[in-house]
Amino acid sequence: MRMPFPKIQWQNLPAIALLSLPDLLPEWDRLNAERADLPFMTSAAVSSALQVFGSGAERLLVGREAGTVVAMLLLVPTGSFQWRTFQPSQLPLGVWVAAKELTPTSIARSLMRGPLGFCLGFSITQVDPLLAPREIDQADSKHIDYIDTGWIDIVGTFDDYWNARGKNLRQNMRKQRNKLATEGTHIHMRMWTAPEDMADAITRYGVLESSGWKASEGTAIHPDNPQGQFYIQLLKNAAKNGGAAVYEYFFNDKTVALNLCIQRSETLVVLKTTYDESIKNYSPAFLLSQDKIEQVFGQGTIKRIEYYGRMMEWHTRWTESKRTLYHLTCYRWSWLKKLAERRHKKKEDAYALTATNDANTPSIVPPVSESNS
């Protein structure tokens, strides 16, 4: 049975109000802290994302109960009478904060019947079940898997953790370290945390990333492109409160790998990783990960390392823990959900038919032989 939506009084404001109305920033941070105090969901972090990646069409929805702010969301229109949470690819989750007792479904229903006017569909994207447990689909709601993501709980000693890793990983790391020592290569890690260090760290990150495969796709970070500008702002703001951590790995004096991280409330979030692909046989990114994790265990202040990206094979060498992020979509009427599901099924069937026909159709052009590729 569908639960009634909460009686929230909403304000529908231009998103720039989050930056121009100073009383809203502490309210955002209070609500963020109420759930998980995520370092990439602070008012400073989302303001940076809005300034760099916003189109100007974004709206800020502020919900109050009895005069107290209980929910804040940055939204973007996605078509005729449809909305979703602001979701630049550089942020792991959809941009919203709310009191713990409010579920995403109840928030979505309240928004659709109030401040968004005639709204047919509303989506909250990339929801973490740790922040908002996944609910059962109702007649007007649908949850869809997004990605699996991994994390490491910092419990016990590093030796305990390391001995629980796979034999191949432990042997490979030992082999690489012995080989580098034999060659006379001094390997070491530095951690940068000061605001004045962030711009230079991003520059070095961009140089390293631009030398790899991302350069050809135009997705590499550079201090002068929007991605670079965002990460500089994000890390500088975090560093002002002791929340930035850039880990840099060196072979002698040469940078070979970097991790961009932010931390808050005993959680370290790994935002970006890059390494020198010309020496990937030496596993520089893995060497950095090992030393970073060992340092985190030794410091004793961080209790959890979060990756928040799609869980890849290499993640499974460092952790067995994973959970599934999800999208939630609510519809104004239940028949709209059924219509959307039929359309989705029709597209899936058409795609499957096309793929089958392509597989069964002889190639007009003969395959290139391995010697000519």
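This is a chat about the predicted model shown above.

User: Before we start, what kind of model is this, and how are the residues numbered?
Analyst: It's a predicted model, where local features need pLDDT of at least 70, side-chain atom pairs count only at pLDDT 80 or more, and totals for chains, interfaces and linings use all residues. Residues are numbered from 1 along each chain as its sequence is written, and side-chain values use heavy atoms, with hydrogens and water left out.

User: OK, how many helices and strands in the chain?
Analyst: 11 helices and 13 strands. Those are DSSP runs numbered from the N terminus, with helices being H or I of at least four residues and strands E of at least two.

User: And what does the C-alpha trace span?
Analyst: About 70 × 60 × 40 Å along the principal axes.

User: How much of the chain is buried?
Analyst: 48% of the 373 residues. Buried is under 20% relative accessible area, exposed is over 50%, and partly exposed is in between, using a 1.4 Å probe and protein chains only.

User: Switching topic: at what angle do α6 and α10 pack?
Analyst: About 105°, with the axes of α6 (residues 167-182) and α10 (residues 284-299) 11 Å apart. That makes α6 roughly perpendicular to α10; the cut-offs are under 35 degrees for roughly parallel, over 145 for roughly antiparallel, 65 to 115 for roughly perpendicular, and oblique for the rest.

User: Which residues meet there?
Analyst: From α6, Leu169, Met173, Gln176, Arg177 and Leu180; from α10, Phe286, Leu287, Gln290 and Asp291.

User: Now aromatics. How many pairs?
Analyst: 16 aromatic pairs. Rings of Phe, Tyr and Trp (its six-membered ring) pair if their centres lie within 6.5 Å; planes under 30 degrees apart are stacked, over 60 edge-to-face, and the rest tilted.

User: Phe158 and Trp162: how are their rings arranged?
Analyst: The ring centres of Phe158 and Trp162 are 5.9 Å apart and the planes sit at 15°, so the pair is stacked. Both residues lie in α5 (residues 158-163), 4 residues apart, about one turn of the helix, and both are buried.

User: Which cluster do they belong to?
Analyst: Ring pairs link Phe158 and Trp162 into a cluster with Tyr161, Phe286, Phe297, Tyr307, Trp314 and Trp318.

Note on methods:
Axes fitted to C-alpha atoms, helices over the stretch in contact; angles between N-to-C directions. Contact = heavy atoms within 4.5 Å.
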